[in-house]
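Here's a quick briefing for anyone opening this structure for the first time. Take a look at it, then read on.

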Amino acid sequence: MKDTLLQPSGLEVIQLQCEYRNEWLGSDQSHPQFSWIIQSDQRATVQASYRIQVSQDIQNWQQLCWDSGHVKSDQSIQVKYAGSPLQSQTRYYYRVQVQDQWERTSAWSAIQWLETAFFDQSEWQAEWITSEKEWHNAQPESVFQLRKSLNLPSRPISARIYASAAGLYELTINGTRVGNEWFTPGWTSYNHRHQYQTYDVTAYLHMGDNAIGVSLADGWYSGRLGWENQRQHYGEHKALLLQLHLRYEDGQEIIIGTDTSWQSAPSPITLASIYDGEHYDASLEQQGWDQPLFDASEWSKVKVLELPYHHLIAQENWAVRVTEVLTPVDVIHTPAGETVLDMGQNMVGRVRFTGVLPAGASYTLYHAEILDQQGNFYRGNLRTAKQAVHYIADDTQDRQISHAPRFSFQGFRYVQVEGLDHLTDQQLLEVFTGEVMHSDMPIAGSFECSHPLINQLQSNIVWGQRGNFLDVPTDCPQRDERLGWTGDAQVFIRTAAYNYNIAPFFQKWLRDLSADQRSNGSVPFVVPDVLSVLDEEKGDTELPGSAAWGDAAVICPWVMYLHYGDKKLLQEQYSSMKAWVDYIYNQGNNQHLWNTGFHFGDWLALDAKENSYMGSTPTDLVATSYFAYSTRIVRDTAVVLGEVEDEQLYSERLQQIIQAYRHEFVTPAGRLAAPTQTAHALALMFDLLDEHDQQRTALELNRLVIQNGYHLTTGFVGTPYLCFALSDHGYHDTAIKLLLQEQYPSWLYPLSKGATTIWEHWDSIKPDGSFWPDDMNSYNHYAYGAIGEWLYRYVAGLDMDESLPAYKKVKIHPLYGEGEITSARATLESAYGTILCSWIESGEKRQLEVIIPPNTTADVILENALLSSIQENDQSLQDVQGIQTVKEIQSAVSVTIGSGHYHFTYTQKPIS
């Protein structure tokens, strides 16, 4: 490649990213990884070489921090920085140039940047501060305000704030809110890892008097968490840590941090609770409190708290933001006389009121997911969570306000309104909006098909993910729980990766999992772990890990590697992965069977005994199945990482586990000892049987489903694998009938009851209209949405060759819809670019549209295709550019293609 200005070559580098981000403010990564996407006007384009340059000066590309030189490689993702050491608080610019196999050279890409934060705890000069007065002791979960006045000799050319809190914080400068992030600093395992955020506040400051204001709430740090009314899991006092760095044109730098010069006062927010909502009393407002020249003479002093610095880390996750605004679709007046807004969608976030309130007026909003059988407002399933927002207006004059809670989120579709009887129904529809909040993950994929109920199911899956991916992967967003249950996360993670880019989201959560993992290797049920303290208080000091839940330590990093090709994360988590399978190995008397300890089993399966949440599949069968699966993944991870000794160790152990499984759970005649759908699905999916027994087990699974009227009986463990096990072993027609089943129990049954998200139970609302008991009945619980992965991979046909992760080699293999689904379309924004698989079936004719991004290849498998009938854009395959090989395999034709946009048509073989 020549380092010159180039004429357009039909080859272009786009979408440069550093650690999945386009513009990254606040990195503490000393050796970040770069990725880019290539565009080409030619099919079958492959990168032959690349060059990366990194500079501190956007105008100067001669004096560089790093010039990779011309690297002969097709690697275009996860390229590690290898230049001079990055400096803290510095902006770096980078650009990329590539050459393809035809020696076409791209122009330099558009320039992107990253900016570092702190690399060492010694860079923190600020102190952790809290209010000297203990207002929160008199009013639990109340909010207080902190302020600092500062006079600047001139306007700085650069200003950055680095901020964190023990609790949640909201930052303002001169009366203006800074940033659009919410629930900062996020929820991590605070005792081990505590995030801080970086803000560019240059535009907020001016010469002369300025003021910084911060509101502090308890949040996850010291607020109520869990169903036993526990508070202060991480500490008693909420506190602020903030450091402002100013740079002036003359080179002067000034640092202003939190210290005892700050002042504090109570906030108008008298309650801010994750579970219970928020109370705001406008009569307590101090106008201008966060602006210059405010008289703070009556404010109290602050004091320094001795909190650690060594566990501070820069923001890792996607920030929580308002990503959509909904308007109510109806006002309902219930038989009980309640006034209720219907948002039309079970959502997570908050409700905003924008309008005029009379002096001294007040309103209260209660949030719920459903109405009861009589059509009345129903909050029973919230347990002790109040989910209430109360607002008291200023008593001096009528005021135009715009109010929404700032430190609390709710899970709801319906909102009961009290105190606004003077407004008409139409006015209520106009003054209220619903603000959808979740971690602001970029959309990755889409799925749609010819069947409207399946499209609604996909919508429910996506909305369930949005609502429960609010900084951690929670089980539910509404009741007094909202915890990062590991089992839910691991069964859903692959579906999640199709819908959204979840890389930073799960990087953060997996690092918390490692931090909370116990010394014996067991993994908590929830991460961050706030339940073990309760167990210890009850005298349970062994703190076991459960199969399928603790296996998140192994399965989730592996799925992340498959989808994003990130060996660095796999290497980070490797010791945690091994610790988990070694923990299992050391349980009980038989090292190759897991038949001891507590397990959730096939949680909420329909074949459970009366008054039991655990399905009838034996827990030791479930546990040993997962033991084998996780051991296999650890073995495969050792291969990827070049850990030869570990590869041999875990290969041998895997074979021993499989043999022990067969001896314990398979009869000499080859029948599974447990006659459940889940037992059969796990045995097939985890490859625990010999070939002959696989055929018998698949036949029996098919029989079990048909015998049950094409209804499932599986719970959290069996459901994600059921359709895969059927489709993989020749019973795709049964899987399709199972998917399209509309009667209880099924994926589509909840839609008949108005569901707009995935339910915790198959019958959260029973066929007779009654509900599951209030103690555990969420209407927004994403686990059963794991069917989404099968929709993308097997119905639409968008899949990968796992030997080349991150869709370096795409697998296009739709299994179609047995005539019940006549078209399907899936897209995915992979690390290499857009992948599309779209098909239409009409009688014996099939059309397949495929997009494969540059620098990748694909195997396109055309099921039941008559080879002589296959055409691409009305041409015979031998005449088509980009097609590399064509071969018949069993009942299909496999066509290997390079990148590009293709349109295949073919006729199906006649039925013999």
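Is R231 buried, partly exposed or exposed? With a relative accessibility of 28%, R231 counts as partly exposed; buried means under 20% relative accessible area, exposed over 50%, and partly exposed in between (1.4 Å probe, protein chains only). This is a predicted model, where local features need pLDDT of at least 70 and side-chain atom pairs count only at pLDDT 80 or more, while totals for chains, interfaces and linings use all residues. Residues are numbered from 1 along each chain as its sequence is written, and side-chain values use heavy atoms, leaving out hydrogens and water.

**Overall picture**
- Along its principal axes, the C-alpha trace of the protein chain spans about 90 × 75 × 60 Å.
- Of the 912 residues in the protein chain, 63% are buried.

**Salt bridges**
- The count of salt bridges is 45, each being a side-chain nitrogen of Lys or Arg within 4 Å of a carboxyl oxygen of Asp or Glu.
- One of them joins D218 and R231 at 2.8 Å, N to O.
- D218 is buried, at 2% relative accessibility.
- D763 and K766 pair up too, at 3.2 Å, N to O; D763 is buried at 7%, whereas K766 is partly exposed at 24%.
- D859 and K809 form another, at 3.4 Å, N to O, and both residues are buried.
- Salt bridges with shared partners tie R383, D475, R479, D480, E481 and E760 into one network.
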